[in-house]
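Open the model in your viewer and keep the sequence beside it. This tour tells you what to select at each stop.

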Amino acid sequence: MIRFHIQADSEIPASTQLYNQIHFAIASRQYPPGHKLPSTRQLAMQTGLHRNTISKVYRLLEEDGVVEAQAGSGIYVRGGNEPRETARSHRLRKQYPDVDQQIRDHIDALLQQGCSLSEIRELFLAEVDWRLRCSASVLVTTPLQDLGAAELMYRELSQALGVPVEVVPLEELGAVLKQKDSGTVVTSHYFFQEAEAITAALGARTIALDLYDYREELAFLSQQKEGSCIGIVSISPGILRAAEIIIHSLRGEALLIMSCQPNDQTKLEAMLRSASVIICDQSSIDSVKQRVSALRDDLIRLPRLFCSKSYISEASIALLKRELGLS
């Protein structure tokens, strides 16, 4: 009987480890077509996994067309002469019509370089396993001087991904990664090269996110009357600097721009007294509202508050989910 080994301290889910090992045993003909697989009870005793977990793995193997369940008898490896197409693979091929050609092209290229099919399988599985390990830990990084940008990414990614996300200053990234088996480091394109230089040697991957295009905010600013005072509030100094440059290029000297971080109460109060419109990020809006409420009786007019919807583009978050295997 083949022995399957589950690493309890691995960041790869136990069910994924078992699935990959059984799948390899079948693909390598250690379990030939028609072979009866161990019962869930036998595998539970061998691996220490719950029988429900093993049943789930067998169901996934059946969905992939690798095994078939025979009522009252057990789970058997499907015959090698049976059609490759399964309901699941048929759905995937319809969803990604170019996938077969892309896979063949990559396999052909590796074969031409001298790789065997078993080596190609090993390379593909190693890459997938590495990505799964990296997906277990998501680190958001920017330099300390603009850690506010990392906080904005953290806020949105925590809500969107549903997995643990951690903020790590770029200056501390190397030390943190040395304490981890692997991880996925997320940053903006501005800091991608610096982050990748650190992660490349430490078994982690780096993904650059596209930022929100602020189309609505720019359209709104283009409509403001000449001489209007516009306030910009963000926890990111980098956003404040970029916003001033972009607005100046859009309107020149036609608008008076004031900017500050939400914890700078003196600048924020001066802005509330002067600006007709204040544009905030999601992490700053509550502080601005609280200050407006505290100064309400002293303000000649209340500024209009405009809160940006996001910092990261929706398309970039969707791509990150796919990269992490979350969708």
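**Stop one: the sheet**

Select strand E7, residues 229-233, together with E8: the two pair in the parallel sense over 5 bridges. Strands here are DSSP runs of E with at least two residues, helices are runs of H or I with at least four, and both are numbered from the N terminus. Two strands pair if DSSP finds at least two bridges between them. This is a predicted model, where local features need pLDDT of at least 70, side-chain atom pairs count only at pLDDT 80 or more, and totals for chains, interfaces and linings use all residues. Residues are numbered from 1 along each chain as its sequence is written, and side-chain values use heavy atoms, without hydrogens and water.

Now pick Ile-230. Its bridge partner in E8 is Ile-257.

Widen the view. The open, parallel sheet has 4 strands, in the order E8-E7-E9-E10. Which strands are at the edges? They are E8 (256-260) and E10 (304-307), each pairing on one side only. From one strand to the next, the twist averages 20 degrees.

**Stop two: the helices**

Show helix H11, residues 237-251. H11 packs on the sheet and touches E7 and E8. Its direction makes about 170 degrees with that of E8. Such angles run from 0 to 180 degrees between N-to-C directions, with axes fitted to C-alpha atoms, for helices over the stretch in contact. Contact means heavy atoms within 4.5 Å.

Next, show helix H13 (285-295). H13 packs on the sheet too, touching E7, E9 (277-280) and E10.

**Stop three: Thr-199**

Go to helix H9, residues 192-199, and select Thr-199. Is Thr-199 buried or exposed? It counts as buried because its relative accessibility is 1%; the cut-offs are under 20% for buried and over 50% for exposed, with partly exposed in between (1.4 Å probe, protein chains only). Leaving out residues up to four places away in sequence, Thr-199 touches Leu-173, Leu-177, Val-185, Ala-204 and Thr-206.
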